[in-house]
Amino acid sequence: MLPFDDVIRLGIIGISQGSAYALIALGFVLIYKATEVVNFAHGDFMMFGGFAVLTFSEGLGLGFWPGLVCACMAMGLAGYLVDSLIMRRIIGQSQASIFILTVAFGFILRSAAGMIWGWSPMSLATPFGGETQLAGITIGTERIAIVGATIVLCFALYAFFARSRLGVAMQASSQNQLAAYYMGIPVRRLVSLVWAIAAVIATIAGAFMAPVTQLDTNVGFIGIKALSGAIVGGFGSIPGTILGCLLIGVIEPFSDYYFPAIKGVSAYIVMLVVLFIRPDGLITQTFRKKV
Amino acid sequence: MQVIFKTSYDQDINLLSKTGEYIRVTLVILLMLAAPLFLDVYYLSELGLLLVYVIAGVGLMILTGFTGQVSFGHAAFLGIGAYCHSILMTAGVPFIASIILTTMFTGMIGMIIGRSASKMHGFYLAVATLAFLIIIETVIGEWTDLTGGYAGFAVPELQVAGYYLTEIWQQYYLDLALALFVIWGTANLLRTPSGRSFLAVRDSELSARSLGVNVEWVKIQSFGISAAITGIAGVLLAHHLSYLSPETFGVLESLKLLLMIVVGGLGSIPGAIFGAIFVSLLPVLLSLLRDILPGAISQQAGLEPMLFGLIIVLFVVFEPEGINGRWRKLLHFFETFPYYRKASFVRQKSYLKTERMR
């Protein structure tokens, strides 16, 4: 049996890991809600965003926060272009094609990052070095920063979607594109903007994850775990996504400790079990159409 | 332009409806039969491997192309098939019994996955199958007693009914026979009520259900058949590789299968064949591209994945029907010469199909 201290420590690591997954999954859910496309390359957007922060903050010497803002703007533009140049053309095609297309983006981003920044892991200097004492337990500050970033970002997104004119228009176009279009909402531009926001979130996630995972071209695979967290919670609802990601994040360190043989795959096992019992995730978002 | 004069109702469900198709298919089969006469050993074994991928592609095509269920985890069935067969052969089970047992086993696992998949929709299924693949890969790697783990597992020699088929051409004929059998069987399947209901479920679950199709059972069937066929491909692949390791059946292999059917043309059997040819030629193509590109770019490490990704993007954006669609357009051009018009294949106005309302 684990001593109590370690249980708490694993729990805190789990919560922080879970918030990191939630931070990544937010981008998935936004794009899905707007266009019903699952961007399998989102993890790679995150990786690319992390590298972009490195270039702006250290390569150009702007410092962390201005660098983060610049990188967010650059990645947001990239996200906007991805939608307006490519994704817009393939609306209505079969899901298999769309999935494989986003997977292909992942390949392109990964090798582009490798060509620009090299294939070996790099580290990003962030203001959250060192360790913090929390209720008698020592924990890395970067892990607390991730939790903080997730909370702040969730509230910001909530305020944006519930209060601002643009956000309400986005909600409307995600619920019914045609009706939104008739109401004079520029649906196409909004969808591209959603992609831009998702890319910005990915960049923030990349920057905050950098002290934990290092900047590496293979970091993108963490996106798949975030995706399974989102699925556990029920894709399409933001509270469900956060709940699911936290669940996965907390279960993971404990199962890695107790069953080292299945290290790294416990998230997927949890997801399959949940899907077996509740095929739409814990919080359901689909409705059966009545004829 | 050829006008088909129908003299019987059966003509509507003929496997090949036009004379040209008969001639082409016969020629291709004859060419494949004669291949060992003029190909040397290396190309013959590559051709055998191509046929294995044709089988796997047809397997995935049944699920993704005809039933509309996207699976990212088909390499798992390939792996289960390969390992199950090798373990049975090592235990002394004869080849024919072993391949039948393996097919049944992978089919059963497919049906179990299909049972839970029949309730999921869209990308939940894609991610669930991806998770299934990762779990199977880990299980194969960790179950050292049975599979040899990451150290690998030696595949026993190919031995059918007491005869050792160690020559490449013998193995090639085995691949060819099974590939032809699978293609013929799938073509037949598509004109049975089950096959028709696969297509109905793909096009609209709602209308299929209204017409009395048991959607859940159709999905389970489709998963089972698809997994069984992929299992056969796994058996043959095992003999080609002759040494199995869990990494062979990873996410990349799954993506390769999916790439095959998307590039080949979703929803057609020739699509799976074209896709397999494309994937086999891809390394050659990539190295050719490397030569054409200027030195500063071609010297970069990691160029292959980028070109791989670009090819997919270009295909999906500019030719969603895949190579098979291109081929049909070409045929149409010659059949109706000089009346071909671009508008004959123009895409209908497409719109977003929502999944939230089912």
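Good morning, colleagues. This is a predicted model, in which local features need pLDDT of at least 70, side-chain atom pairs count only at pLDDT 80 or more, and totals for chains, interfaces and linings use all residues. Residues are numbered from 1 along each chain as its sequence is written, and chains are lettered from A and ligands numbered from 1 in the order in which they are written.

I begin with confidence in chain A. The score is pLDDT, the predictor's confidence in each residue, from 0 to 100. Chain A averages 82, and 95% of its residues score at least 70. Within chain A, strand β1 (residues 131-134) has the lowest confidence, with a mean of 69, whereas helix α3 (residues 64-86) has the highest, at 89.

Next, the architecture of chain A. Helices (H or I, at least four residues) and strands (E, at least two) are DSSP runs, numbered from the N terminus. By that count chain A contains 11 helices and 2 strands, arranged along the sequence as α-α-α-α-β-β-α-α-α-α-α-α-α. Its C-alpha trace spans about 60 × 50 × 35 Å along the principal axes. The radius of gyration is taken over C-alpha atoms, and the globule rule is 2.2 Å times the number of residues to the power 0.38. For 291 residues a compact globule would come near 19 Å, and chain A agrees, at 19 Å.

Burial is counted as follows: a residue is buried if 20 or more other C-beta atoms lie within 10 Å of its own, exposed if 12 or fewer, and partly exposed in between, with C-beta atoms placed from the backbone. In chain A, 51% of the 291 residues are buried. Two residues are in contact if their C-beta atoms, placed from the backbone, lie within 7 Å. Of the contacts in chain A with a separation of 6 or more, 73% are between residues 24 or more positions apart.

Setting aside neighbours within four places in sequence, A:G223 contacts A:I24, A:H42, A:G43 and A:M46. The C-alpha atoms of A:G223 and A:F28 are separated by 9.0 Å, although the two residues are 195 apart along the chain.

I turn now to chain B. Chain B has 15 helices and 4 strands. Its radius of gyration is 21 Å, close to the 21 Å given by the globule rule for 358 residues, so chain B is as compact as a globular protein of that length. Of those 358 residues, 41% count as buried. Contacts between residues at least 24 apart make up 75% of those in chain B that join residues at least 6 apart in sequence.

One helix deserves attention. Helix α3 (residues 74-90) of chain B has 17 residues and reaches 24 Å from first to last C-alpha, close to the 24 Å expected at 1.5 Å a residue; the expected span is 1.5 Å times one less than the number of residues. Because 15 of its 17 residues are buried, α3(B) is largely enclosed by the rest of the structure. Just after α3(B), B:G92 adopts a positive phi of about 95 degrees.

By contrast, B:P193, in helix α8 (residues 193-203) of chain B, is exposed, with 8 other C-beta atoms within 10 Å.

How do the chains meet? The contact takes 48 residues from chain B and 47 from chain A. On the side of chain B that touches chain A, α5 (123-142), α9 (205-210), α11 (251-264) and α14 (303-318) each supply at least two residues. The largest share of that side, 12 residues, comes from α5(B). Its residues divide into 32 nonpolar, 10 polar and 6 charged, where Ala, Val, Leu, Ile, Met, Phe, Trp, Tyr, Cys and Pro count as nonpolar, Asp, Glu, Lys and Arg as charged, and the others, Gly among them, as polar.

I close with the nonpolar core, a set of buried Ala, Val, Leu, Ile, Met, Phe, Trp, Tyr and Cys residues joined through C-beta atoms within 7 Å. The largest has 180 residues, and those with the most contacts inside it are A:A25, A:I100, A:V194 and B:I55. Helix α8 (residues 187-213) of chain A gives the most to this core, with 19 residues. Beyond four places in sequence, A:A25 touches A:A226, A:L227, A:G229, A:A230, A:T241 and A:C245.
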